[in-house]
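Open the model in your viewer and keep the selection tool ready. The tour has two stops.

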Amino acid sequence: MAKKTGVFICSGCGIGESLDVDALVKVAAKECKAPVCKTNPFFCGAEGVELIKQDIAAGELDCILVVGCSNRVNYNAFDFGPSVTVERVNIREQVAWSHEPNDEDTQAMAEDIIRMFMAKAKTVEAPVPYIVEDLSKTIMVVGGGMAGMTAAIESAKANYQVVLVEKEASLGGWLNKLYKLAPLKTPFTSLEDTNLEARINEINSNPNIKVYTSANIEKTAGGPGLFDVTIKQNGSEISERVGAIVLATGAVPYDPEKLGHLGFGTSPNVITQSMFEEIAKKGTIARPSDGKEVKKIAFIQCAGSRDAERLPYCSAACCVESMKQALYLKEQDSEAQAYVFYKDIRSSGQYEHFYKAAQTAGVIFVKGDVTGVSAGNGGTLVIEADDILMGEKTMADELDLIVLANGMVPTTAFTEGAYVGCGVQVPEPEAGAEAAAAADAPVPAAPIIKSNILNLVYRQGPELPDLKYGFPDSHYICFPYETRRTGIYAAGSVRRPMDMVQAIEDATGAALKAIQCVEMTAQGAAVHPRAGDTSLPDFQLNRCTQCKRCTDECPFGAINEDEKGNPLINPTRCRRCSTCMGACPERIISFKNYSVPMIGNMLKAFEVPEEDEEKPRILIFACENDAIPAIDMAGINRLQYNPWVRIIPVRCLGSLSLVWINDAMSRGVDGVLLLGCKHGDDYQCHFMKGSELAEIRLSKVSETLDRLGLESERVQAKTISIMDYEEIPKMLAEFMEKIEDLGPNPMKGF
Amino acid sequence: MVDNKISSAPVKYDNSFAKEIYALENGHYAQICMQCGMCAVSCATHDIMDYSPRRLFNLVRVGKKEEVMRSNTMWMCTACCMCKVRCPRGIPLVDVMHDLKAMAIKQGYVDYPHAAFHQAFWQEAFSRGRVFEGGIMARFILKRGLGEIKKLLALGMKDMGMGMLKHGRVPLVPPRKIKGLKELQQIIQRAQALQEKEAK
């Protein structure tokens, strides 16, 4: 297509002092034939921006190369509307600041970067946003407990329509079972009423909230902005179109039947926390066996939790709950004795004050491992434990009641009432097994537990993929509420174990994310991490071989299938990570501003010196989410690194196409380094599996390299996070050393 | 440091002693101890204590009166305040130790020389309004018995004492009592009465 590209080379911020800007202009204007090429010492200033604008108007430029700083800064200054594509060519952090000034190699690096981006600019087009008709901005909240009610109220307050679905006959969830709440506000020292009625009234009286109680979700189809939900209530089916979903179905207590080693089942006076709430709610705290008022009580913490054979995780709320329940007894009888046997008191956040309040009220905390629970005199119970702080065996006897703090299990961890969240293998769905057998790329499929909550009509499975123990997978640091299904946000104890204060905060956060999602979808833009990106993958379906790799590898389940097995994208579910692009063996998936040939052109554009020049070239594919920021940080900190590297930013390493490595190697590039995020259970990849997929694909590249007669060590993948920026010079030096050991690429000059 | 074994039988919890402690002026602070051990690692004299302050507080909680009252922990406390400064719960350990010392004396648990010295010093100060070293020594030896002199000599205190005498650091003649001694004593007695009242 006819394309006019303008190149604007900034000489400010030390660029002019360390690089020959005139030579750069020569490269852009003469060699790459840019119709417009200008320099200015301050392009991001009002005057500089005005210059670019004038040139856009005069020359009808449709692509702008801003050669200067990183795209992580000044992005607002260089926004010229949707019709002009802007490519930021980073010669500040990545060249001028991180290499020796006025050096031949530094200059070559800057020139090559311009060549690369000029090559990319040839085929870049401005993306066209996908605008949905009949878009709904309604937020559906699933679950009417503390988190669900909070999410509903918060969304309604922000003036969004809310549909609240609760499976029980009344709202309140766990709150219905509680006598009182642990403090929710400062000074975090005294018990609070559940205030349930007022909370329900607030929801019922809000005209923005539509409540369905005794209701289940039959199925959820569509995507953000277009979810078509079928709700079953009292035998009738109701259809709702909603924009985004907050999943707040909460957790249930861990099955106490599995706590026989702590005496559950041996005596009616060994009970769980929820049973204690029932007793307290009735009025007098008395022994279930004979109704005698309780004078001495013991709580056993981590009953089942933090136990490799039961729940390996900490259930987060039980410590505070036990303190609260001990205070119930102290409220009834201040002379009554309460003991808490704990592993570690985890009264997170402000609950430290509550812990102190419980101590002041006379609750005694014993750090010890309970070794046995047995019957004592007169219907009492005895706990034997190893007191860790005393280094002694200890014993609490004449106990009237023992309460087990039996942790929580997310509602998403159950299939037809059976717990499958932890250690239990879910049988793989047939379709998945078939696809895995058909495709030779072994995609680590995320397990999906059929928990009968959302019943998604997605090709990839009916519920949210889980990470561990049945909790929905999310990027726990950067986007905790994001599940792996775009537009569905988990909040409250279904997301991770948490207490009420955290659940309220969580629900508010998830509601905000849901609102962001419907608003972004209305603009045809992606939600984070590529927030605002309007590009979408195009499929050249006439060349599709129905291998299903794109549908399998899409981390967000965005791609369905039509009857013939062709991929069918749901544009509003797409997060623009381009994992599908890297997955496609036929390379038929591309974006308007990011594609396999586009990157291919980039890596063909830089110069590879002849062998006798003794200047090897290393090509780096760096993830835009963490590796590029890390490289920028190295520049900002003026760390010097090898000038023989050429860096190509990629959206995610998941978009890596092996043909790039092939092309680079056959050009005579001496080594290829992939910089991506950490993977595994505590992954850092913003698109869940991108860097992992890249490494899996890389394991197949050795074959290609062998065919070319090259050593497979020339291509390596490394994980890096923004915090590791100090490691970059060392990492590159080590890789360079290895490449020098291997000698130059024999393909040079062919 | 003594053997930290408290007894071979399993520890049973008995809160009657704890209640006694919590009733002291600063005793209630022992309740909010969370056993982090910051006091123990901060303590300069921890090595020569029977129990570290953390352990002592735990013993209070468990109800081990004999062990607590007979321990040397509070007597070895130099009141440097490092633990008080560092305690994340803000417990004024020095003040608690002081209360424990007072209680131990009052209930007749103590046979540490430190206790006798504290008392001798205080009586001296109370009776004169200022301190006379010779008087303290006399009171101390009277309290501990004459055998204490031997012990002191064995510690090489003779040379030090002679040296101090020679340089006039220790006067032989008692100093004059202060003016208004009666009033001072009244102030002190009043303060003691108030303290006892407040603790209740």
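Two residues are in contact if their C-beta atoms, placed from the backbone, lie within 7 Å. Helices (H or I, at least four residues) and strands (E, at least two) are DSSP runs, numbered from the N terminus. This is a predicted model: local features need pLDDT of at least 70, side-chain atom pairs count only at pLDDT 80 or more, and totals for chains, interfaces and linings use all residues. Residues are numbered from 1 along each chain as its sequence is written, and chains are lettered from A and ligands numbered from 1 in the order in which they are written.

**Stop one: a helix pair**

Select Met149(A), Ala152(A) and Ile153(A) in H6(A); they meet Arg199(A), Glu202(A) and Ile203(A) in H7(A). By class, this contact of H6(A) with H7(A) has four nonpolar, no polar and two charged residues. Ala, Val, Leu, Ile, Met, Phe, Trp, Tyr, Cys and Pro count as nonpolar, Asp, Glu, Lys and Arg as charged, and the others, Gly among them, as polar.

**Stop two: chain A against chain B**

Now show both chains. 18 residues of chain A are in contact with 13 residues of chain B. Which element gives the most to the side of chain A that touches chain B? E18(A) does, with six residues. By class, that side of chain A has six nonpolar, five polar and seven charged residues.

Zoom in on E18(A) and strand E1 (residues 11–12) of chain B: two bridges join them, and they run parallel. Strands pair if DSSP finds at least two bridges between them. Pick Thr394(A); its bridge partner in E1(B) is Val11(B).
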